[in-house]
Protein chains: 2
Amino acid sequence: MATQITGSTRILGIIGDPIRQVRAPEVWTAMFQRNGVDAVCIPMQVTAAGLNAFLEGAKALRNFAGLIVTIPHKPASLSQVASPSARARHVGAVNVIRVQDDGQWAGDILDGVGFVGGLKARGQRVEGRKALVVGTGGVGTAIAFAIAEAGAAEVAVFDMAEARAADVAARIGKTGVPSRVAAADAGDFDLIVNASPMGMKPDDPLPINLDRLKPGSIVADVVVHPRMTKLLTAAHERGCFVQPGTHMMDAQIASMASFFGFEGGAWSPEAIAQAVAA
Amino acid sequence: MATQITGSTRILGIIGDPIRQVRAPEVWTAMFQRNGVDAVCIPMQVTAAGLNAFLEGAKALRNFAGLIVTIPHKPASLSQVASPSARARHVGAVNVIRVQDDGQWAGDILDGVGFVGGLKARGQRVEGRKALVVGTGGVGTAIAFAIAEAGAAEVAVFDMAEARAADVAARIGKTGVPSRVAAADAGDFDLIVNASPMGMKPDDPLPINLDRLKPGSIVADVVVHPRMTKLLTAAHERGCFVQPGTHMMDAQIASMASFFGFEGGAWSPEAIAQAVAA
């Protein structure tokens, strides 16, 4: 993808640690070019120890559209955000932030919106499903809340950090949707989501036991590389509908573009596919 | 110039305010591509009020090659640099900084090196000349010191801020080269340098009185846009050798690449011309 950077180019950063694996620089830079926006998306590897100082310093940048926030910074960034959305407060994390006119950060979390939107765009329904979300970090919590909001019959969660899972289940329960801590076992559910990093490495074990996986279930992963994780491959072999992690990202790009103030143009998953292929 | 940005791309920033006018993003990004370096140069508009917080925060970036520093941040950035070069201490400013292994900034100022190198590369001698430098900000001071070090017979300086000019003259004098504060008048000199921003705007007056300009003099400008300022056009018409601001920049890129640790490849003014034209 060809792009031109000049003194008038605006910057959209993505912060995480590690950062090499992120797709955002390629996807966003291609979309900026397709939509005639003079901006580029830049990877910024920020350590957890340096996060607060970095976010404080980044307020001084005047040609800066904002930041996409990824692992492990989503929960910690929330505390630097003076104006989080109601959704971000619920989830306890942000994945997009921008500096407001008053010089303070505003933030939102769009992972869950993107996750549910990605399923719906592919003709799947969330309403009435019994869901299991494995991993209750920033992404998993956002997805669990969004599934609950979209009308799931139940949202169970699992995390190796048991207290964190219990906390998320309790908070979802307060929204009126049944929620509980469950084992990482697909048997009782028909919407199964891996929101943990397990599956990124070739020798990772399956994050969820699929022995009792029911046909007709949806199995989704947030892992982007590889596109087809072991989990998705196994679920596909059993006839389940599978959703790779790229759909969650691509389905939230329009919401992110609006948050950052990139108006006009096309930001749909179809436009992204065309732009990245160009 | 086509380039590809991915999660593994390293970042070279240029900080200034304003920033739209800088050539560095185009020049460096073209050079990175020519030399097979996975990096891009990004404009970062940082306010003077936000400089210290920005530099503190930027220490947290792990995929960061460093920063080129331009107007108005060269003198103020020096105070954030734990390890300035002897040259930077002399000049009282930096134009390149990078984070060291100990997490602190190192810095150097290469404008003067580039200015003298640019003249020499075009077959001009500095030795024995009587020089006038108009403007004693970061760039002007760097140029004045470098001209003195290159063997000028005298280095006179002028600045509307008289105390600043007197300070620079006194500090150059301590290096053993005669120096004094002079008027902005070419008459007494045969190496005349505009190191002020005058000439960037179409209706700026001439920064230096050329009524008594001697044939055979060198007249140089640090202004980059327009390439041929009113000053250079007038000097050219009188048969003087003229040096546009781009030469100072292009002649210091090899020194900057070395400072930032970009090893191998070609970084000469000729390579730059080829890369930018590509």
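This note goes through a predicted model point by point.

1. Conventions. Residues are numbered from 1 along each chain as its sequence is written, and chains are lettered from A, with ligands numbered from 1, in the order in which they are written. In this predicted model local features need pLDDT of at least 70 and side-chain atom pairs count only at pLDDT 80 or more, while totals for chains, interfaces and linings use all residues; side-chain values use heavy atoms, with hydrogens and water left out.

2. Sheet of chain A. Six strands form an open sheet in the order β2-β1-β3-β5-β6-β4 of chain A, and the pairing is mixed. At the edges are β2 (39-45) and β4 (81-84) of chain A, each pairing on one side only. From one strand to the next the twist averages 25°. Strands are DSSP runs of E with at least two residues, helices are runs of H or I with at least four, and both are numbered from the N terminus. Two strands pair if DSSP finds at least two bridges between them. Strands β3 (residues 64-69) and β5 (residues 96-99) of chain A run antiparallel and are joined by two bridges. A:Ile68 stands opposite A:Val96 in β5(A).

3. Helix α9 on that sheet. Helix α9 (residues 246-260) of chain A lies across β1 (10-16), β3, β5 and β6 (105-108) of chain A, and runs at about 15° to β5(A). Axes here are lines fitted to C-alpha atoms, for helices over the stretch in contact, and angles run from 0 to 180 degrees between N-to-C directions.

4. Sheet of chain B. Chain B has an open sheet of six strands in the order β2-β1-β3-β5-β6-β4, with mixed pairing. Its edge strands are β2 (39-45) and β4 (81-84) of chain B, each of which pairs on one side only. Strands β1 (residues 10-16) and β3 (residues 64-69) of chain B pair in the parallel sense over five bridges; B:Gly13 has B:Leu67 as its bridge partner in β3(B). Helix α9(B) lies across β1, β3, β5 (96-99) and β6 of chain B, at about 15° to β5(B).

5. Strands β7 and β8 of chain B. Five bridges join β7 (residues 130-134) of chain B to β8(B), and the two run parallel. B:Val133 stands opposite B:Val157 in β8(B). Strand β8 (residues 154-158) of chain B is largely enclosed by the rest of the structure, because four of its five residues are buried. Buried means under 20% relative accessible area, exposed over 50%, and partly exposed in between (1.4 Å probe, protein chains only).

6. Nonpolar core. The largest nonpolar core has 110 residues, and A:Ile147 and B:Ile147 have the most contacts inside it. Such a core is a set of buried Ala, Val, Leu, Ile, Met, Phe, Trp, Tyr and Cys residues joined through side-chain atoms within 4.5 Å. Beyond its neighbours within four places in sequence, B:Ile147 has contacts that include B:Phe115, B:Val133, B:Val155 and B:Leu191. Contact means heavy atoms within 4.5 Å.

7. Helix α1 of chain A. Eight of the 11 residues of α1 (residues 24-34) of chain A are buried, so this helix is largely enclosed by the rest of the structure. Among the buried residues are A:Val27, A:Trp28 and A:Phe32. Their cover includes β1, β2, β3, α9 and α10 (269-277) of chain A. Just after α1(A), A:Gly36 takes a positive phi of about 70°.

8. Aromatic rings. Over all chains there are 16 aromatic pairs. Rings of Phe, Tyr and Trp (its six-membered ring) pair if their centres lie within 6.5 Å; planes under 30 degrees apart count as stacked, over 60 as edge-to-face and the rest as tilted. B:Trp28 and B:Phe260 make an edge-to-face pair, 6.3 Å centre to centre with 80° between the planes. B:Trp28 is in helix α1 and B:Phe260 in helix α9 of chain B, 232 residues apart. B:Trp28 is buried at 0% relative accessible area, and B:Phe260 is buried at 5%. In chain A, ring pairs link A:Trp28, A:Phe32, A:Phe259, A:Phe260, A:Phe262 and A:Trp267 into a cluster.

9. Two loop residues. B:Leu110, in the loop between β6 (105-108) and α5 (111-121) of chain B, is buried at 4% relative accessibility. A:Glu127, in the loop between α5 (111-121) and β7 (130-134) of chain A, is partly exposed at 38%.
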